[in-house]
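Hello,

I am handing over the structure below. My notes on what was found in it follow.

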Amino acid sequence: MSAADWWPYVVILVAGWLATDIWRWLGVVAGNRLNEGSEALSWVRAVATALVMAVTAKLIVFPTGSLEHTPLWMRLGAAGLGFLAFLLAGERVIVGVSCRLRCLLSESPCIDGAATGGKRYTCRNFKVGVALIFGPPRAASRA
């Protein structure tokens, strides 16, 4: 490769750095000067929390992948129970997340066909649960 072949990569690297790192450093400089109790920082926290909750609500109401095949009432119930567990456990995130996943992966009789007209909404094997969390498994390489 000649030097002319490297220029597109250099431009991409420099443009990527300018687009992200400069703003990060400006955020650090500006953040050091902000008072933690200021209204501006409270507003930023509120907007950030609202954005996270909006994305979470979108994932619950309009899911993709394996969650798409579960009914809305199951996703809302799991989210509610996960939030309740989060609060009861002293606001530990891992407890809320694991409780919600357990609700989605459990084999409860109320979701085993009786209340859903014969449809099964349970995850019988661990691989489906892992796919819900981490995405589909990769193909095993043979050595």
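**Notes on the chain**

Of the contacts in the chain between residues at least 6 apart in sequence, 33% join residues at least 24 apart; contact means heavy atoms within 4.5 Å. This is a predicted model, in which local features need pLDDT of at least 70 and side-chain atom pairs count only at pLDDT 80 or more, while totals for chains, interfaces and linings use all residues. Residues are numbered from 1 along each chain as its sequence is written, and side-chain values use heavy atoms, with hydrogens and water left out.

The chain has five helices and zero strands, in the order α-α-α-α-α along the sequence. Helices (H or I, at least four residues) and strands (E, at least two) are DSSP runs, numbered from the N terminus. Of the 143 residues in the chain, 16% are buried. Buried means under 20% relative accessible area, exposed over 50%, and partly exposed in between (1.4 Å probe, protein chains only).

**H3 and H4**

Helix H3 (residues 72–88) packs against helix H4 (residues 93–105) at an angle of about 150 degrees, and their axes are 7 Å apart. H3 is therefore roughly antiparallel to H4. Axes are lines fitted to C-alpha atoms, for helices over the stretch in contact, and angles run from 0 to 180 degrees between N-to-C directions; those under 35 degrees count as roughly parallel, over 145 as roughly antiparallel, 65 to 115 as roughly perpendicular and the rest as oblique.

On the H3 side, the residues that meet H4 include Met74, Leu81 and Phe86, and their partners in H4 include Val93, Cys99 and Leu104. The contact of H3 with H4 involves 11 nonpolar, two polar and two charged residues. Here Ala, Val, Leu, Ile, Met, Phe, Trp, Tyr, Cys and Pro count as nonpolar, Asp, Glu, Lys and Arg as charged, and the others, Gly among them, as polar.

Valine 95 is in helix H4 and is partly exposed, because its relative accessibility is 27%. Leaving out residues up to four places away in sequence, valine 95 touches Ala85 and Ala89.

**Two loop residues**

Glutamate 91 is in the loop between H3 and H4. It counts as exposed because its relative accessible area is 55%. The phi of glutamate 91 is near 60 degrees, a positive value in a residue other than glycine. Most residues other than glycine have a negative phi.

Serine 38 is in the loop between helix H1 (3–33) and helix H2 (39–61). Its relative accessibility is 19%, so serine 38 counts as buried.

Regards
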